[in-house]
Amino acid sequence: MRISTWSLGCALLVLGAVGAASAQEGHPLKGSWIGTWESNETHGEFVLVVLDWDGERVSGIINPGTDNIEIAEATLDPAEWAVRIEADAEDRDGNAVHYMIEGTIEDLELPNRFITGTWQHDGGSGAFEIRRQ
Amino acid sequence: MTKAHMYSHSTAAMLATALLALAPETTFAHHPIHGKFDPASDLTLSGVVTYVDWRNPHAHIFMNVGQGDETLNWAVELESPIDLEANGWSEATVRPGDAITVAGIVARDGTRQIWGDSIVRSDSGSRVFEVSLEAPPPPLAPRPAPRWPDGRAALGGTADAIDGYWSFPSATALVEDGVDVTMNSSGLLENLDDAGSVAPMQPWALALYRHRQNRSLRDDPMYLNCKPPGGPRQYMSHHGFQLIEDRERERVFVLLGSGNRNYRIIYLDGREHVGQVGGDDDNPLYYGRSVGNWEGDTLVVDTRGFNEDFWFTSGGLPHTSQLRLIERFTRADLETLEYEVTIEDPGAYTRSWTSSWTLRWVGGEDLPFHLCQHNRP
C-alpha cells in the first residue's frame, strides 16, 4: 500500500506534537526516522522507518501501519557510519519488490541525525534521506 | 592532565586525589572546557570590567578591551560560583571599573569569549578567582566508620554521628579496573589511540566513543541540555552526593549535589524490579530502578531500566537500554567510601567489566547547591 499524503500528515502532526527529536545517545540507528525516497512510484515518496538494536542485529520496519515492510537485513559499518538496509515488499499488483537502501549517517552527534544515500529495486531507484525524530 | 584510572585502596586514591587537585590543567567546570574553548588558542587581554554575572553553572566577567581603534566587550568565563565561593572569592572580588588582565583560551566558535585561566588585578597585581578543590589531608590514623545500634556501618550520618556528604572522587571518568590510560578530569583522552583500552566496547560503541572524543566532548548532553548524571557518573562529581538510610522503610535515598539536584531511591525491602514507578515499569529512567541488599557492611545494588538519553560517564562511553549495574558501597572508615560498579550491557560491550574508586567524607556540611540552570553555557 502506498503511504498517503494524509497519513503522512497525521504522522508528522503526531511527531510534531511530541516536539524536537528526543535524545538518543545509544546505538545511532535506534529510533524513528522520517524522510523521502525520491521517485518511488511503488510506495510513494514519503517514508517512515523504525529501527531497533538488540545488541547483535538491527531490526525494523518501513512504513509501519500502512505498508508494514519488515526489514530483512540492516547493517551499520561504524568505520564510515555506512548503513545498508534490505527489505522485501510487494507492489500494488502483488509482485515481489526487493529494496536495497545504502547511505551514511550524517550529524552523528545530533538527536536529529540523518541518513542520506540511495534506494533501489528492480523497478526504480532514487535518492534516499531520512531524519531521526 | 591526570590519570583517571583508579586504585581501590585508599592510600593510592588519596594520592590520586591530591594529584588531581594540584594538576595545573585540571578544571572542575560544568562543561568540558576544551569542548567550548580551544586549548591551542592562547590569548591575553587587558581591560576594564563592565559587569560581573555571578550565576550557575558558570560565573562570567564582562570586560572592555581596546583592540586597535575599537573597544570590544569580552566575556570571561570562570568556574561555578559554588567553587569560587568555596575558595574565598565573591561577586565583589572585582567590580565594574576595575582593571584586570586575563590569560586564557578563546572560544572555538569565534565569539569573544575566553576561559579565564589567570586573572590578575592591575592595581594590586594579585591573582584572583583561582580554584583548588584539594581534598583535606587524611587523618594520620583512620577513624572507624560510624555504626548503627545493630553494628552495621552507616553509609551516611546516623542519629549519633554528624551528617555530611561524599565528595572528592578519586576518578572522574569511567575506566575499566587495571587499565592505565591518561585523560583529563573531563574524561578526554590524552591519546585517542587509547580509546579501545578504556572498556571492552563493541565496534559501533568504540567508533562512537572516538567520535565524541574527537569532538572534545562538546556534545555531552549533561552540559548541553542539563541531562541528569545517571549511572556511575553521579558518583564522579566533586559536588558530591548524600546517602540517607531510611531504615524503617528499608530504602536508601541518594541525593545528588550536581546535575539538577536529582535523587534516586534504592529499595531494600525485597521487591522485584518491575512496577516500582506507578506500575509504569516499561518507562526507562535516567537513574534506572534499583533494588539492593546488604552483604555485611557492603550495600549491593542491582539497577536496570535505564533510558538512552544521557551519558553514563564523563568521556562519552556509550550505553544502551540493556545496561545493568551491580554497585557495591562499602564505608571502609569514617572518611572513606569504596565504590565498585560492574557494567553489564550486551548492547554496547562485549563482556561485563568493573570499575572502582573511592570518595572522601565531608562532615558537617550540606551538599553544595549547584544547579544546571538558566539555559546558560
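Visitor: What does the secondary structure of chain A come to?

Guide: This is a predicted model, and in it chain A has one helix and eight strands.

Visitor: How do the eight strands of chain A pair up?

Guide: They close into a barrel, in the order β1-β2-β3-β4-β5-β6-β7-β8, with antiparallel pairing. Going from one strand to the next, the twist averages 25°. For one pair in detail, take strand β7 (residues 114–121) and strand β8 (residues 124–132) of chain A, which run antiparallel over eight bridges. Find A:Phe114 and you'll see A:Arg131 of β8(A) opposite.

Visitor: And if I look along a single strand, how should I read the side chains?

Guide: As a general idea, side chains in a regular strand alternate between the two faces of the sheet. Keep that in mind as you step along any strand here.

Visitor: Where in chain A does pLDDT stay under 50?

Guide: Over residues 8–19 of chain A, and for that stretch the model has five contacts beyond four places in sequence. Chain A as a whole averages a pLDDT of 88, and 83% of the residues score at least 70.

Visitor: How much of chain A counts as buried?

Guide: Of its 133 residues, 34% do. For the reach of its contacts, look at those with a separation of 6 or more: in chain A, residues 24 or more positions apart account for 37% of them.

Visitor: Which strand of chain B pairs with strand β2 (residues 37–53)?

Guide: Strand β5 (residues 99–107) of chain B does, in the antiparallel sense and over eight bridges. One facing couple is B:Phe37 and B:Ala107, the latter in β5(B). β5(B) also pairs with strand β6 (residues 113–121) of chain B, antiparallel again, over seven bridges. There, B:Val106 stands opposite B:Ile114 of β6(B).

Visitor: How many residues lie between the strands in the hairpin of β5(B) and β6(B)?

Guide: Five, and within that hairpin B:Gly110 takes a positive phi near 85°.

Visitor: How do I read a positive phi when the residue isn't glycine?

Guide: Start with the general rule: most residues other than glycine have a negative phi. Now the cases here. A:Asn63 has phi near 50°, a positive value in a non-glycine residue. You'll find A:Asn63 in the loop between β3 (58–62) and β4 (69–77) of chain A. In chain B, B:Phe129 has a positive phi too, near 65°, and lies in the loop between β7 (127–128) and β8 (164–167).

Visitor: Why does A:Asn63 count as buried?

Guide: Because 23 other C-beta atoms lie within 10 Å of A:Asn63, and the cut-off is 20 or more. B:Phe129 is buried by that reasoning as well, with 22 other C-beta atoms within 10 Å.

Visitor: Which residues does B:Met236 touch, not counting those up to four places away in sequence?

Guide: B:Pro169, B:Ala171, B:Thr172, B:Ala173, B:Thr313 and B:Ser314. Take B:Thr313: it is 77 residues from B:Met236 along the chain, yet their C-alpha atoms are separated by 8.1 Å. B:Met236 is in the loop between α6 (221–224) and β10 (241–246) of chain B, and is buried because 25 other C-beta atoms lie within 10 Å.

Visitor: Where is B:Gly316?

Guide: In the loop between β14 (298–304) and β15 (324–333) of chain B. B:Gly316 counts as buried because of its 29 C-beta neighbours inside 10 Å. Beyond four places in sequence, its contacts include B:Gly187, B:Tyr209, B:Arg212 and B:Trp311.

Visitor: How many residues does each chain bring to the contact between them?

Guide: Chain B gives 21 residues and chain A gives 14 residues. On the chain B side, helix α5 (residues 203–214) supplies the largest share, five residues. By type, that side of chain B divides into nine nonpolar, seven polar and five charged residues.

Key
Residues numbered from 1 in each chain as written. Chains lettered and ligands numbered in written order. Predicted model: local features only at pLDDT ≥ 70, side-chain atom pairs only at ≥ 80, totals over all residues. Contact = placed C-beta atoms within 7 Å. Helix = DSSP H or I, 4+ residues; strand = E, 2+ residues; numbered from the N terminus. Nonpolar A, V, L, I, M, F, W, Y, C, P; charged D, E, K, R; others polar. Buried ≥ 20, exposed ≤ 12 C-beta atoms within 10 Å, placed from the backbone. Pairing = 2+ DSSP bridges. Axes fitted to C-alpha atoms, helices over the stretch in contact; angles between N-to-C directions. pLDDT = per-residue confidence, 0-100.
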